[in-house]
Amino acid sequence: FSFLYEKFFAHSSMRRAVISCICLAVILSLVMLSRQSCNQWKDGVTVWSYAISQHKNFGLAYFNRADSYYQLGKIEQSLSDYNRAIELGPNYYEIYFHRGLVYQRMRQYDKAISDFSAVIRLKPDHYKAFNFRGVAYAFSGNMNKAIIDYSRAIAINPDQADAYHNRGFVYYNAGQIERACNDLTRACRLGTCNYLGLLKSR
């Protein structure tokens, strides 16, 4: 061994060259492993499916995979995972909120209202739950309850445009033009101007 050392490593330039080669080999190995991982875990569904395969009762993994399915437009798979996540974590309000969005997208408004109500029971200051429950009430034809929920959302967070926008649209359809104008103007100032032009053209 001493002979090899004297022959190959005695000079500092040789040592630097060998160390550089070793470092390069390590870096290349890490790059290869990273690429293999990226190919294996190409999206959120794949990542969280692997987590579930390792831990069958990992509620957060079901929740995250459900969200990934939802983003991909796979609504039935998303709903199934949200159901499982609720079984494993029945007091986690965000699961009910996201499942409510799924039901709303499926036009199952009664179920959406039930889930948004569960969110409000668990977290009474969740203004988005009030806003989206208002949307579900509006689509169900219950405009009075929709207005009440939009107003509650605004009371909790006066700086959110959506609730003003949604309440203004309900007022507009009810012929309450002055109230509609006030809400839609406020919504526009906060960044949402979808129906203000329609109102001004009337």
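Visitor: Which are the buried residues of α9?

Guide: Happy to look at that with you. First, a word on the ground rules: this is a predicted model, in which local features need pLDDT of at least 70, side-chain atom pairs count only at pLDDT 80 or more, and totals for chains, interfaces and linings use all residues. Residues are numbered from 1 along each chain as its sequence is written, and side-chain values use heavy atoms, with hydrogens and water left out.

Now to your helix. The buried residues of α9 are A146, I147, D149, Y150, A153 and I154; buried means under 20% relative accessible area, exposed over 50%, and partly exposed in between, with a 1.4 Å probe and protein chains only. They cover an arc of only 165 degrees around the axis, which puts them on the same side of α9; the arc is that of the directions from the helix axis to the C-beta atoms. N144 and A155, on the other side of α9, are exposed. The cover over the buried residues includes α8 (127-139) and α10 (161-173), where contact means heavy atoms within 4.5 Å.

The helix α9 itself runs over residues 143-156, and its 14 residues should span 20 Å at 1.5 Å a residue, which agrees with end C-alpha atoms 20 Å apart. The expected span is 1.5 Å times one less than the number of residues. Helices here (H or I, at least four residues) are DSSP runs, as are strands (E, at least two), numbered from the N terminus.

In α5 the buried residues are I75, S78, L79, D81, Y82, A85 and I86. Seen down the axis of α5, these fall within an arc of 165 degrees, so they line one face of the helix. E76 and E87 are exposed on the face turned away from that buried side. The buried residues of α5 pack against α4 and α6 (93-105).

From α4 (residues 59-71) comes R65, which is buried, with a relative accessible area of 14%. Beyond residues up to four places away in sequence, R65 touches V45, W48, S49, I52 and D81. D81 is one of the buried residues of α5. The side chains of R65 and S49 are also joined by a polar contact of 3.1 Å.

Technical notes. A polar contact is a pair of N or O atoms within 3.5 Å; within protein, one must be able to donate a hydrogen and the other to accept it, and residues adjacent in sequence count only if both atoms are side-chain atoms.
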